[in-house]
Amino acid sequence: MGESYFFRIIASSGIFFEGKVKAVLFRSIDGDMVLMAHHEEMIIAVDVGPLSYQTTDGEWHRVIVGVGTAQFANNRCTALVDTCELPENIDRLRAEQALERAQEQMRQRKSIVEYKMSQASLARALTRLKETSKNNLQ
């Protein structure tokens, strides 16, 4: 377990962390992942959520990341994510306001989806009627 590897987190704002780690834990679209030294080479889709890494001194660090990818190759790992921040730097009030905005957008988006589905049904019905009219004329 004493083995380590180079790990880097790059967010859209720049490099968030670079250094040697013993392990990295994060959420992927396929479930939780743990990467340790000499892991098989792979590219992983990173999902929104916590990412924890253990530095060589044994200390665990936790950050919150947005969506992105992680690549593990040659005992090196790079996580490229859209956002990365420390939990203590998150403004709770702003986060709650963002949640409310997102929920409202989802409600509006649902209405748009329903409208589009109705529009598609109408187009299918009109096409069927048009084809039926053509067959009656022949």
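Y5 has a relative accessibility of 0% and therefore counts as buried. The model described here is predicted. Its aromatic pairs come to 4, and its disulfides to 0. The points below take the aromatic residues and then the cysteines.

**The pair Y5 and F72**

- Y5 and F72 make an edge-to-face aromatic pair, with 5.0 Å from centre to centre and 70° between the planes.
- Y5 belongs to strand β1 (residues 5-11) and F72 to strand β6 (residues 68-73), so this pair ties together parts that lie 67 residues apart in sequence.
- F72 counts as buried because its relative accessibility is 1%, and Y5, at 0%, is buried as well.

**The pair F17 and Y53**

- F17 and Y53 make a tilted aromatic pair, with centres 4.3 Å apart and an angle of 35° between the planes.
- This pair links distant parts of the chain, with F17 in strand β2 (residues 14-28) and Y53 in strand β4 (residues 42-55), 36 residues apart.
- Both F17 and Y53 are buried.
- F17 and Y53 also belong to one aromatic cluster together with F7.

**Cysteines**

- The structure contains 0 disulfides.
- C77 has a relative accessibility of 1%, so this residue counts as buried.
- C84 has a relative accessibility of 12%, which is under the 20% cut-off, and therefore also counts as buried.

Notes. Residues are numbered from 1 along each chain as its sequence is written. This is a predicted model: local features need pLDDT of at least 70, side-chain atom pairs count only at pLDDT 80 or more; totals for chains, interfaces and linings use all residues. Side-chain values use heavy atoms; hydrogens and water are left out. A disulfide is a pair of cysteine sulfur atoms within 2.5 Å. Buried means under 20% relative accessible area, exposed over 50%, partly exposed in between (1.4 Å probe, protein chains only). Rings of Phe, Tyr and Trp (its six-membered ring) pair if their centres lie within 6.5 Å; planes under 30 degrees apart count as stacked, over 60 as edge-to-face and the rest as tilted. Helices (H or I, at least four residues) and strands (E, at least two) are DSSP runs, numbered from the N terminus.
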